[in-house]
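Please consult the sequence and structure shown here alongside the points below.

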Amino acid sequence: MTTFHLTVVTPDGCAFDGQAERIVCRAIDGDIAILARHGDYCTALGMGEAHIVDADGQRRRAACMGGLLSVLDGEVRLVATTWEWAEEIDQARAEASKKRAEEILAQKNLAQRDYELAQARLKRALVRTSIH
């Protein structure tokens, strides 16, 4: 399979830098897959599962929350607000965060801002708990 150079960076540093066969992630308008020889492209990222198939054919899953993906002259760069490899996700912590968000959302007379923050927290927790 043909590969391309992929770099995944976050505010915490570089999460991946190497050759890949494929990257799949959630853009703001749906899931996308990038393969070698993809045309130039740029999109904002949403929240969801991402996975990379590296040059050895190994598939690695991650939770990706927001950011930007660009393809320029065959180079693929993903700048993520949050990128967590599946093996690094603390499932118990994600479940606890999900429960807290659901408890907040169940409250009556919740301020709009609190509601929106709890919704965002719940979405992040759901993405994390879905990655194994």
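The points below cover the basis of the model, the strands, the helices and the record annotations.

The model is predicted: local features need pLDDT of at least 70, side-chain atom pairs count only at pLDDT 80 or more, and totals for chains, interfaces and linings use all residues. Residues are numbered from 1 along each chain as its sequence is written, and side-chain values use heavy atoms, with hydrogens and water left out.

**Strand pairing**

- Helices (H or I, at least four residues) and strands (E, at least two) are DSSP runs, numbered from the N terminus; two strands pair if DSSP finds at least two bridges between them.
- Strand 1 (residues 4-10) runs parallel to strand 6 (residues 75-85), with five bridges between them; T7 has R77 as its bridge partner in strand 6.
- Strand 2 (residues 13-27) and strand 4 (residues 41-54) are antiparallel and share five bridges, with V24 opposite H51 of strand 4.
- Strand 4 also pairs with strand 5 (residues 59-72), antiparallel and over twelve bridges; here M47 faces M65 of strand 5.
- Strand 5 is in turn joined to strand 6 by ten bridges in the antiparallel sense, and G67 has A80 as its bridge partner in strand 6.

**Hairpins**

- Four residues separate strand 4 from strand 5 in their hairpin, where G57 in the turn has a positive phi of about 85 degrees.
- Two residues separate strand 5 from strand 6 in their hairpin, where D73 has a positive phi near 55 degrees.

**Helix packing**

- The axes of helix 1 (residues 91-105) and helix 2 (residues 112-130) come within 8 Å and cross at roughly 150 degrees; axes are lines fitted to C-alpha atoms, for helices over the stretch in contact, and angles run from 0 to 180 degrees between N-to-C directions.
- Helix 1 and helix 2 are therefore roughly antiparallel (an angle over 145 degrees).

**Record annotations**

- An unreviewed UniProt entry lists residues 4-81 as "domain: ATP synthase F1 complex delta/epsilon subunit N-terminal"; in the model this span is 0% helix and 81% strand.
- The unreviewed entry lists residues 94-121 as "coiled-coil region"; this span is 79% helix and 0% strand, with its end C-alpha atoms 10 Å apart.
- UniProt positions follow the numbering used here, feature names are shortened, and annotations may be inferred rather than shown by experiment.

Note on methods. Angles under 35 degrees count as roughly parallel, over 145 as roughly antiparallel, 65 to 115 as roughly perpendicular and the rest as oblique.
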